[in-house]
Amino acid sequence: MQYALVDRERREPFPGGRGVCTTCGSAMISKCGPRIMHHWAHFGRRICDPWWENETPWHREWKNRFPEECREISHIAPDGEIHRADIKTPSGIVIEVQHSAMTDAERLSREAFYGNLVWVVDGSVFKQNFDVYHELPAPESELGQDLVWEKAERHMHGTIVGMCVRLSECRLENPEATKTRGRGGTWLFMHEIRQQVIESYRGHHQYDWVRPRRTWLDATCPVYIDLGGDSMARLETYDESGLPCIYWVCKRRFVRDVMAKADARAVAVRVLPIPATTDRT
């Protein structure tokens with residue numbers, strides 16, 4: 001833990017420090033060795049929050065992106081159940097930063113408990129299995145609504161570079177064709193339509209997650225994968241075809257939005273207009 005109460009004030013660990021837990025009131029001892037990240041630990045083996053995990057430098061870095069008063073905040077349910085949120089904004093959005101693997105049961109419990117929740121997942125541990133591929137036009141754009149993409153997979157080179165058909169062309173053969181059924185048409189490849197795609201691009205990409213941590217694919221709250229760098233990949237479903245995609249979100253924008261908005265699902269939403277393209281051929 002980053003904080004304990006010392007003389008009724010929240011303090012970060014310091015050599016020889018003694019305090020009490022901000023959640024359960026039990027005795028805490030500071031751990032400030034030269035080879036470990038400084039932290040507070042319960043005296044003995046007591047753990048007051050079963051959702052606790054060992055804190056890594058990555059956890060601490062994410063907490064420190066937010067004001068001190070937003071870090072390690074106890075959240076109490078109407079029935080009295082209490083857990084310590086990694087980050088909780090003044091407007092009530094909870095951000096849980098998660099490094100280790102998680103069971104479906106625990107994820108569902110946390111989502112039900114917090115409700116207005118955003119997940120930030122450490123992608124460094126599976127980055128070698130998380131491939132980000134070609135750009136996609138914004139799904140709400142005219143082009144995005146017309147193109148139907150083949151799912152990109154690591155072992156299928158054509159899909160990696162981008163393969164799609166035009167729904168409008170399919171409907172010339174079958175007027176009842178949709179993105180989910182009755183398609184036809186001729187394959188298009190990214191190099192043929194790249195300029196049109198780039199003109200309608202807003203941050204979406206195809207991706208393939210080999211041996212995924214499937215609980216994140218089933219999450220009911222927004223999931224952001226931190227692969228390093230200045231941006232994160234938000235897991236999304238592109239359109240009614242069910243195509244999985246990621247949407248790049250700048251970390252600075254994420255922090256700004258999550259502090260300003262009251263709804264976790266309103267964070268980093270797309271608000272920029274799609275410019276008209278000059279070539280729709």
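Patches are made of residues with over 30% relative accessible area and no salt bridge, with like charges joined within 9 Å and nonpolar side chains (Val, Leu, Ile, Met, Phe, Trp, Tyr) within 5 Å. A salt bridge is a side-chain nitrogen of Lys or Arg within 4 Å of a carboxyl oxygen of Asp or Glu.

The model is predicted: local features need pLDDT of at least 70 and side-chain atom pairs pLDDT 80 or more, while totals for chains, interfaces and linings use all residues. Residues are numbered from 1 along each chain as its sequence is written, and side-chain values use heavy atoms, without hydrogens and water.

**View A. Nonpolar surface patch of V161, W187 and F189.** Together the three residues have about 250 Å² of accessible area (Shrake-Rupley method, 1.4 Å probe; for residues, only the protein chains shown count as cover). V161 lies in helix 4, residues 157-161 (helices are DSSP runs of H or I, at least four residues; strands are runs of E, at least two; both are numbered from the N terminus). The relative accessible area of V161 is 36%, so this residue is partly exposed (buried is under 20%, exposed over 50%, partly exposed in between; 1.4 Å probe, protein chains only).

**View B. Buried residues of helix 8, residues 251-260.** They are K251, F254, V255, D257 and V258. Their packing partners include helix 1 (57-63), strand 8 (94-98) and strand 9 (117-122). Strand 15 (223-226), strand 16 (231-237) and strand 17 (244-250) are also among the partners (contact: heavy atoms within 4.5 Å).

**View C. The chain around these sites.** The chain has eight helices and 17 strands. Of its 281 residues, 47% are buried. Its C-alpha trace spans about 75 × 35 × 35 Å along the principal axes.
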